[in-house]
Amino acid sequence: MTVEASTTYGAVRGVREDGLAVFRGIPYARPPVGPLRFAAPQPPERWDGVRPATAFGPPPPQSSALAPDPPQTTGDDWLTCNVWAPEPGTGRLPVMVWIYGGAYLIGHSSDPVYDGTRLAREGGVVVVTFNYRVAMEGFGQIEGAPANRGLLDQIAALTWVRDNIGAFGGDPENITVFGESAGAGSIAALLAMPRASGLFHRAIAQSVPGPFFSPELADDISAVISTEAGVRPTRQALAEIPPDRLMSAVDTVAATMARHPQWGPVAHTPTPFSPVVDGDVLPRTPWAALAAGSARDIPLITGHNRDEYRLFTAMDGLLGKVTDDQAATAVHAFAPDPSAYREAFAEAPAEILYELVHSDWLFRMPTLHLAEAQAAAGGRVHLYELTWSTPGLGACHALDVPLAWGNLTGGIADVLIADRTAAGELSAEIRRAWTDFAKSGDPGWPAYDPSQRLTHVFDMPSTTLPYPEEMSRRLWADHTFTALPLIS
């Protein structure tokens, strides 16, 4: 059975599935190709009649650096969104808008783990997902092109939601953004961006990554990628390079980051992209902006997983193989005070030390500091840590994604989740907290404050207690997450 809704650009026809009205592949911006390649997103062209909205739009060009067999881009209409709605056209339900992760290199809204059926049907909310440009298309610093085009895509998608979600039964005055990893970093950036003001009212940031780039660092990385592609890092020159060929250059550089010590700690990571603190699209880092009150009126949930980096240790084939030299190199690259870090964890084996410092620098401490910045400015923030473990990988990065969506089979869920009975119970708890927060701003545990530091620990059973990673908190207490510089 089909169902229709009217948008500001034309009518769309979706389908009824599992008691929901589902619309896929609705354009929120024009295809960013041809004259619009590397441009800020432009509103879609209007259409006559009723446009079919039953299939996901093609993903933006994907890197193979983290996904050896990424989905292929089969068309130009990368910038589309999808809606799962309990009651389209009637009522005013809370809206939850997902921003995917993927190290700013990969990600697409058609990933089965992001199917909104359970959240929408059981949580009584309207769920929206969308594609945004990644890698060089979305985050490369290019002469003659606006910075942070992936973030500008997100603003365009949120503008579409604000202007159109009422036709799908959603409340444009009650929009919650939620996302993980690069999606959480994007949300942190949106909380700092004046252009995003008023487009959402609550935020959930799962595993916020710390790297944000200075323009000088981003320029140098783009120059290396452009040289690998055989052109100068200008919009005119790069626009002549087909997306797949440009992505090949990106993948080559991503595989050889360590050859570029001028990139500092970024050279020890697998991704050459992060949001750029350019002074225009993104005026300040999220931590500085939130501490100054940029998101004081936006209730926030943020948190991390206990064993964030273990997933990457496994992906690199290093589980059980990390050497003392590798651990020492990681501590020197990432720790705010390497000597104090080694002393604090003197009894830790090399692999644990290696994972701890990676986890702290990349996700755990940036997340904690974001919560502290929000609280310091008088904003409300609820902090959590996921400690429920999966065999061999612990409470690793991305484990929270299938739990938050309730999609416990297929894709990454098959890799990360072994005990689906326990996972189902914990998933129900997390989904209830997320949808309750979207409805009322209350996830079910107290707000974080600097004196008690109450943190909700998701496990079997869950509990609320002072922030569990106290040693790491102390070691990083005086550290400031700034825009990473180019090392001369």
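This is a predicted model: local features need pLDDT of at least 70, side-chain atom pairs count only at pLDDT 80 or more; totals for chains, interfaces and linings use all residues.
**View 1. Helix α3, residues 149–164.** This helix has 16 residues and reaches 22 Å from its first C-alpha to its last, which is close to the 22 Å expected at 1.5 Å a residue. Helix α3 is mostly covered, since 13 of its 16 residues are buried.

**View 2. Val97 in strand β6.** Strand β6 spans residues 93–99 and includes Val97, which counts as buried because its relative accessibility is 0%, and buried means under 20%.

**View 3. Arg202 in strand β9.** Arg202 lies in the strand formed by residues 202–206, and this residue is buried yet has no salt bridge, the nearest side chain of opposite charge being that of Asp171, 8.0 Å away. A polar atom of the Arg202 side chain does, however, lie 3.4 Å from the backbone oxygen of Phe437. Not counting residues up to four places away in sequence, Arg202 touches Phe437 as well as others, including Asn174, Ile298, Pro299 and Gly441.

**View 4. The largest nonpolar core and Phe23.** This core has 164 residues, and among those with the most contacts inside it are Phe23, Phe168 and Trp434. Helix α12, residues 350–376, gives the most to this core, with 14 residues. Beyond the residues up to four places away in sequence, Phe23 touches Phe168 and several others, among them Val3, Val12, Ala53, Cys81 and Val83.

Note on methods. Residues are numbered from 1 along each chain as its sequence is written. Side-chain values use heavy atoms; hydrogens and water are left out. Helices (H or I, at least four residues) and strands (E, at least two) are DSSP runs, numbered from the N terminus. The expected span of a helix is 1.5 Å times one less than its number of residues. Buried means under 20% relative accessible area, exposed over 50%, partly exposed in between (1.4 Å probe, protein chains only). Lys and Arg count as positive and Asp and Glu as negative; His and the chain ends are not counted. A salt bridge is a side-chain nitrogen of Lys or Arg within 4 Å of a carboxyl oxygen of Asp or Glu. A polar contact is a pair of N or O atoms within 3.5 Å; within protein, one must be able to donate a hydrogen and the other to accept it, and residues adjacent in sequence count only if both atoms are side-chain atoms. Contact means heavy atoms within 4.5 Å. A nonpolar core is a set of buried Ala, Val, Leu, Ile, Met, Phe, Trp, Tyr and Cys residues joined through side-chain atoms within 4.5 Å.
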